[in-house]
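This report describes selected local features of one chain.

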Amino acid sequence: MFQGGFDLADEDELLVPEDDSPIVQHDINEECVEIDDSEVGSDTVYEPWRSGIPRHVPNDWAKHIPNVSADNGRRWDLLNLAPGQVQFVDILHFQWPVVGGHQLALFTYDLKTEGWRIFPIKRKADVKTAVQEWISTEGLTKRGYMVTVFGDGCGAMELVRQCVIENKLNYFPVSKNEPNLNAAEGVTGWFKEAVFATLLGAMHQDGPIDERHLLFASQFVCYTRERLPRGADGQRPSSWRINTGQPEVVGHIAPFGQPGFAYIPKTLRRARKGPKF
């Protein structure tokens with residue numbers, strides 16, 4: 001008995017093989033099998049459902065993938081990509097308190113349409129709720145093709161991954177040390193510039209709008225940008241047109257921060273004893 005409490009078997013017993021039958025030797029030359037190393041021709045049907053499809057042509061649902069074949073480039077093929085088929089997501093943190101007490105926001109970027117979406121989050125536990133709202137409002141589970149969501153490996157993104165998989169969508173993790181592969185982070189700079197420009201244009205000294213309305217400005221930017229033409233000359237179709245196939249309507253969009261009027265009952269006005277921003 002070993003002092004550590006383990007019962008060690010006798011050394012002689014360990015050296016005795018369990019199977020004491022004689023070893024049978026085989027002549028390797030008698031069992032050689034001739035291997036056909038000739039290249040599989042294009043006329044060979046290795047997958048019956050691919051009959052008639054040239055070998056160098058990928059399947060329809062994989063044509064947009066970079067480097068999927070020798071003829072495909074190293075970038076996403078946007079021509080064969082469907083709206084919403086490839087999505088990039090990121091979690092944004094508000095540096096200042098915003099109206100509603102939201103601390104985070106789910107930011108999504110559609111690679112095909114270049115559309116932006118933002119969903120407010122009050123606490124980390126509500127990340128899955130925001131993801132579910134995004135999937136539902138965009139109808140990602142009803143599009144008839146597999147939607148792939150790309151995200152990095154931060155803590156909150158694990159909740160995003162769980163919700164995406166629960167909705168039977170595809171999730172592809174981006175390496176933590178390669179954030180440049182997440183297109184959502186690539187457009188975040190443009191998104192922030194547009195939001196700050198929109199918010200500053202509506203802010204005035206002693207006015208009702210300040211940095212607390214950052215979330216409202218973010219939602220306004222996403223909504224407006226979705227319906228504006230693309231390109232320096234404005235000739236490219238808008239995200240709305242690509243996604244829905246219908247012309248966009250912008251006549252109802254008012255400038256951010258434009259004064260408005262709302263009817264307030266007299267009893268509520270007396271209780272407030274003055275304007276409330």
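## A buried aspartate

Asp 152 touches Asp 90, Met 157, Tyr 171, Val 174, Asn 182 and Glu 185, leaving aside residues up to four places away in sequence. The model is a predicted one. Asp 152 sits in the loop that joins strand 4 to helix 3.

The relative accessible area of Asp 152 is 12%. Buried means under 20%, so Asp 152 counts as buried with its 12%.

## Helix 2: length and faces

Helix 2 covers residues 127–138, which is 12 residues. At 1.5 Å a residue it should span 16 Å, and its end C-alpha atoms lie 17 Å apart, in agreement with that expectation.

The buried residues of helix 2 are Val 127, Ala 130, Val 131, Trp 134, Ile 135 and Glu 138. Viewed down the helix axis, these buried residues fall within an arc of 135°, so they line one face of helix 2. Thr 129 and Thr 137 are exposed on the other side of the helix.

## Helix 2: packing and end

The buried residues of helix 2 pack against both strands and helices. The strands are strand 1 (86–93), strand 2 (104–110), strand 3 (116–121) and strand 4 (148–151). The helices are helix 3 (155–166) and helix 6 (239–244).

Gly 139 follows helix 2 and has a positive phi, near 60°.

Glu 114 lies in the loop between strand 2 and strand 3. Lys 168 is in the loop between helix 3 and strand 5 (170–173).

How exposed is Lys 168, in relative accessible area? The value is 71%. Exposed means over 50%, so Lys 168 is classed as exposed.

## A nonpolar surface patch

Trp 96, Phe 196 and Leu 200 form a nonpolar patch on the surface. Together the three residues have about 330 Å² of accessible area.

Phe 196 belongs to helix 4, which runs over residues 183–202. Its relative accessible area is 37%. Residues between the 20% limit for buried and the 50% limit for exposed are partly exposed, so Phe 196 is partly exposed at 37%.

Notes:
Residues numbered from 1 in each chain as written. Predicted model: local features only at pLDDT ≥ 70, side-chain atom pairs only at ≥ 80, totals over all residues. Heavy atoms only, no water. Patch = residues over 30% accessible without salt bridge, like charges linked within 9 Å, V, L, I, M, F, W, Y side chains within 5 Å. Areas by Shrake-Rupley, 256 points an atom, 1.4 Å probe, with all protein chains shown as cover. Salt bridge = Lys/Arg side-chain N within 4 Å of Asp/Glu carboxyl O. Helix = DSSP H or I, 4+ residues; strand = E, 2+ residues; numbered from the N terminus. Buried < 20%, exposed > 50% of the residue type's maximum accessible area, 1.4 Å probe, protein only. Expected span 1.5 Å × (residues − 1). Arc of directions from axis to C-beta. Contact = heavy atoms within 4.5 Å.
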